[in-house]
Every structure is written in C-alpha cells, then in structure tokens.
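Take a walk through the fold below, one chain at a time.

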Amino acid sequence: MSKHAVATVAEIPPGQRKLVTVRGRSIAVFNLDGEFFGLFNRCPHQGGPMCEGILTGLIESDEPGNYKYSRKGEILRCPWHGWEFDVRTGQSYCEPERVQVRSYPVEVAPGERVVQGPYVAETVPVTVEQEYVVVDV
Amino acid sequence: MNAPVDVLERRADAEAKLGIIDCDIHPSMKSPRALDPYLSARWRKHLTEYGKFNCGIYADRGTYPRFSPATSRRDAWPPGGGSPGSDVPFMREQLLDAYNIAYGVLEPLLGGNTSRNLDEAAALCSAMNDWQAHDFVEPEPRLRASILVPQDDPEASVKEIEKRAGDWRFAQIQLGSKTSEPLGRRRYWPIFAAAQANNLSIGLHIGGTQNSAPSAGGWPQFYIEDHHVLVHSMQSQAASLILEGVFETFPNLKICLIEGGFAWAPSLGWRLDAHWAKMRDEVPQVKRPPSEYMRTNLWFATQPVEEPENPEDLRQVFEWIGWDRMVYSSDYPHWDFDDPKHAFRFKMTEQEERMLFRDNALNVYSFQ
C-alpha cells in the first residue's frame with residue numbers, strides 16, 4: 001500500500017465524486033459531507049462503472065405500509081443494474097458479506113504534509129497552501 | 001443490394017477475435033421528428049393533428065421512469081446529447097467496438113405496430129424501417145434492421161416484408177410477445193408464410209400491444225412484478241405457435257425469443273410433452289412431442305440472463321435447452337444490459353463460446 005494525493009479537497013465538493021487512476025486502478029472518490037471514500041470503479045456484478053452511479057438513500061420497511069428513508073446520499077447504485085452499495089464500506093445492501101466493491105482508505109492531508117512525504121503525489125501538483133485528498137492503494 | 005465491402009473485410013478481421021453477434025440493440029430517435037423524412041405528408045399531418053391511437057406499448061405504458069431514466073444504463077447518454085441509443089458514433093464506441101460486435105440486430109420498441117389505426121400502424125412501421133436503414137445501418141453496417149410490421153393487418157405486413165426482403169440492411173422480422181390474439185392463430189399465418197418464403201427469421205421481443213393485462217393474474221402493481229411477468233407472454237406464445245401447428249405448416253420458420261428469459265423452457269417442454277402424450281388427439285396437427293419443435297424452430301436470446309445462486313446451474317439449463325438454441329443479446333442501452341464478458345458466470349469451452357456468441361445466430365439471421 002502507498003499513499004497518493006489525487007485531488008485538492010476543493011475539487012470534490014460534498015455530494016460530488018472524482019474518478020482517479022492510481023497504480024493502474026480506476027478508483028471513484030466520493031465526498032460525503034466532508035468525509036471522503038474511495039471505491040474501485042467496477043461493480044462486482046457485471047463490471048458497471050461505479051463512478052457514474054447515483055448517490056441515493058435507503059428505503060426500508062418493517063411491514064407493508066410502513067416505510068423508512070434513511071442514509072440519504074450514502075448509497076451508491078451501479079449505473080447499469082442498479083445494485084445498491086454502502087459508499088462508506090463498499091458492501092452491497094442485499095449480500096453485504098459476499099458482494100462488495102473494493103474500498104480504499106481515503107484521508108485529507110494538508111499540502112505541507114503531502115510535500116514532506118511519504119505521500120506520492122503523482123496525479124496532481126501539490127502546494128503547501130492547499131488541502132489534499134489522499135488515497136491509500 | 002449487396003453488403004458494402006468494408007463490412008466483409010471487417011467481418012474477416014473480427015472472426016480472428018470471435019466477433020460477437022448481438023441480437024438485441026435498442027435504437028432510439030434523435031428527436032420526436034426523426035421519422036418525418038420517412039412519412040408521407042398525409043401521415044405527418046395525421047400524427048400532428050391526432051397523434052397515435054395507441055393500445056399502449058411496453059415502453060410507453062409506465063407513468064414513471066422505468067427504474068432508470070429512458071429505461072437505460074446511466075452511462076449510456078451520448079455526450080453530444082440525445083437519448084441513449086440515438087447516437088451511432090457513441091453506440092459504436094460504447095458497444096460495437098468495446099465488445100468486438102460483428103453484427104448487432106436493431107430491435108426498435110417504438111410502438112409503430114401498436115396503433116389501433118391499422119393504416120397508421122402500417123405507415124409508422126414502414127417509416128421506422130426506413131429510419132433504421134438510413135439513420136443506423138448505412139452509417140454503421142455492423143448494425144442490421146428489423147422489419148417492423150403492423151401484425152394485425154397481415155396483408156399490409158406481407159407487403160412490408162416483401163418490400164424489404166433481399167435488402168442487406170434488414171436481418172429479420174420483428175413481432176412483440178403481446179399480440180391481440182396468441183400468435184399461433186391463423187390470422188397471423190400470412191406473416192409466417194412470407195417469413196419462410198423469404199428466408200427471414202422472426203425476432204419475438206417482449207412487449208407489443210397491451211389489449212390485455214400483462215399477466216394472466218391481472219395488472220401488476222410494481223415494476224419489479226411487471227418486469228417479471230413479461231416472461232409469461234413469451235411462454236404463452238411458444239405454446240400457441242407449437243400447438244396451433246405453425247411449425248408443421250412452416251417447418252423452416254425460425255423464431256428467436258428475445259428478452260423473455262429461458263430457464264422456463266425446459267419445464268414448458270416437459271409439461272407440454274406430458275400433456276401431449278395424453279391429449280394429442282385434440283391437436284392432431286402437432287405430430288411430434290411439443291419439445292421437439294422447441295429444438296428445431298425456436299431460439300432463445302439470453303438477456304437478461306438467469307442468475308442462479310450456483311453459476312453451474314446455468315450450464316445445466318443451457319444443456320437442457322440445447323447449446324445450439326442459445327444466442328447472445330445485450331439489450332444495449334437498456335439498464336438490464338448483459339455484458340458478454342461478465343454475464344455468464346460459468347466456464348464455457350471455446351466451442352460453447354463460439355456457439356453462444358456467434359455461430360448459433362448465424363443459423364438464425366440473414367446477414368448478407
């Protein structure tokens with residue numbers, strides 16, 4: 001595993017995402033209200049490009065007629081067949097233990113630290129004034 | 001007309017890498033006026049002033065987006081604008097080149113054949129046939145058109161088939177799995193006669209008219225239910241065609257069942273054979289066990305592929321139906337698209353792959 005600065009924080013506002021390539025892997029980086037998450041850009045079902053999916057919430061029901069809507073903006077649906085994944089963990093809703101999109105740790109780091117290393121800033125130019133989204137691959 | 005030389009060259013190249021044949025690609029119109037150049041002034045005026053007198057088609061019936069906008073993959077919207085399936089260069093990039101597709105059969109689901117006004121249906125089908133040929137096949141000859149026909153007017157249907165027969169741009173005749181009466185009824189036989197005489201197969205795609213509820217159990221309440229009951233219409237049509245004796249009268253008729261599932265086919269064959277063993281004399285025109293017609297006259301397009309918990313179970317289903325009956329379809333750009341590389345989760349031999357992805361389809365379609 002090595003750390004890679006892939007974007008400035010300002011580049012991925014809350015609710016948005018960016019597709020990055022790190023060590024040959026296509027990774028979709030999402031900003032959920034200031035928290036960042038990275039998911040492999042291939043659905044484990046048939047390979048749909050996850051970065052093009054919609055972020056939505058969970059609709060659940062304890063019994064017919066009762067509905068609950070929760071976790072708004074935290075559920076990523078594959079743009080092809082609509083499978084639901086938890087953007088925080090990559091786990092699928094229907095089979096969380098068995099079906100998962102690979103997730104990559106993401107952190108925010110100030111430019112100062114990125115410049116000092118041990119980060120490898122290979123996809124964006126880094127300055128000390130900015131904050132960066134760093135993916136661990 | 002002869003196929004352009006570059007298609008033949010491309011085909012030779014593609015064969016080296018197993019060029020795939022995709023039996024189900026959905027084209028859409030760039031604008032609501034896309035058919036205008038192919039409609040006479042009389043029908044342009046009629047459609048402007050009265051609109052289409054529909055009996056509700058599959059793709060137009062829902063009052064909500066069908067799971068995904070335009071029923072499509074969210075990544076299938078052309079970057080240059082227009083709806084999924086309307087832009088040939090983007091279709092080329094996202095589907096034909098990406099998967100090395102040697103031929104793709106267009107299956108428009110635009111409701112030309114669902115107008116209750118039969119003359120309007122004939123005009124729309126004919127216009128949509130010209131539109132496919134000019135707007136899709138000519139710019140991209142790997143694509144081939146379906147001959148759309150107003151099936152409730154067999155005479156007009158035959159006229160349209162004969163107009164298109166021998167034209168390399170057309171690969172098959174399309175019918176929908178929902179019809180005014182079961183397709184085996186003799187009112188439809190002139191269409192089968194014309195298909196057989198012109199060596200054109202019939203692609204029976206789910207959808208069609210909605211004169212009755214989609215399910216024998218009535219109207220579904222949910223899309224998930226509506227989406228599933230489509231397979232019932234396909235089973236009913238298969239049974240009707242066999243039991244009315246269509247394949248005895250037209251032994252060379254080829255019918256490809258598209259998007260209606262296939263795991264039900266072995267069970268349908270077993271049940272019909274068991275009934276036939278007892279009640280054969282009610283339908284003496286059915287000279288062989290019904291499942292035998294399924295093995296000589298029907299083909300099954302795979303999308304949306306069955307997804308059993310144990311992937312090897314799918315191999316068993318293929319074996320029950322017969323490997324030679326199975327043809328690949330993607331359903332591009334619709335949301336339930338099957339990726340040829342990932343949809344089938346069991347290991348195939350090279351020969352099985354060739355049959356499913358290409359050779360079987362070459363036995364069905366008239367690619368010229």
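**Chain A: contacts and overall make-up**

Among contacts in chain A between residues at least 6 apart in sequence, 48% join residues at least 24 apart; contact means heavy atoms within 4.5 Å. This is a predicted model, in which local features need pLDDT of at least 70, side-chain atom pairs count only at pLDDT 80 or more, and totals for chains, interfaces and linings use all residues. Side-chain values use heavy atoms, with hydrogens and water left out; residues are numbered from 1 along each chain as its sequence is written, while chains are lettered from A and ligands numbered from 1 in the order in which they are written.

Chain A holds 1 helix and 10 strands. Both kinds of element are DSSP runs numbered from the N terminus: helices are H or I with at least four residues, strands E with at least two. Their order from the N terminus is β-β-β-β-β-β-β-β-β-α-β. The C-alpha trace of chain A spans about 55 × 25 × 20 Å along its principal axes. Of its 137 residues, 43% count as buried. Buried means under 20% relative accessible area, exposed over 50%, and partly exposed in between, with a 1.4 Å probe and protein chains only.

Now to a sheet in chain A. It is open, has 3 strands in the order β5-β6-β7, and its pairing is antiparallel. Two strands pair if DSSP finds at least two bridges between them. β5 (54–60) and β7 (84–86) of chain A are the edge strands; each has a single partner, so one side of each lacks a neighbour in the sheet. Neighbouring strands are turned by 60 degrees against each other on average, direction ignored. Axes here are lines fitted to C-alpha atoms, for helices over the stretch in contact, and angles run from 0 to 180 degrees between N-to-C directions. β5(A) meets β6(A) (residues 68–77) over 6 antiparallel bridges. In β6(A), Ile75(A) is the bridge partner of Thr56(A).

β1(B) (residues 20–25) has 6 of its 6 residues buried, so it is largely enclosed by the rest of the structure. It pairs with β2(B) (residues 101–106) in the parallel sense over 4 bridges. Ile20(B) has Ile101(B) as its bridge partner in β2(B).

Next come two helices. The 20 residues of α5(B) (residues 118–137) should span 28 Å at 1.5 Å a residue, and the end C-alpha atoms are 27 Å apart, which agrees. The expected span is 1.5 Å times one less than the number of residues. α5(B) is mostly covered, with 15 of its 20 residues buried. Gly245(B), with a positive phi near 90 degrees, follows α8(B).

Some backbone details sit in loops. Tyr332(B) and Pro333(B) are joined by a cis peptide bond, with omega about 0 degrees. Pro333(B) is in the loop between β8 (326–327) and α13 (350–364) of chain B. Asp331(B) lies in the loop between β8 and α13 too. Its phi is positive, about 70 degrees, although Asp331(B) is not a glycine. At 0% relative accessibility, Asp331(B) counts as buried.

What of the cysteines? A search of the whole structure finds 0 disulfides over all chains, a disulfide being a pair of cysteine sulfur atoms within 2.5 Å. For Cys94(A), the nearest cysteine sulfur, that of Cys43(A), is 11 Å away. Cys94(A) is exposed, at 68% relative accessible area.
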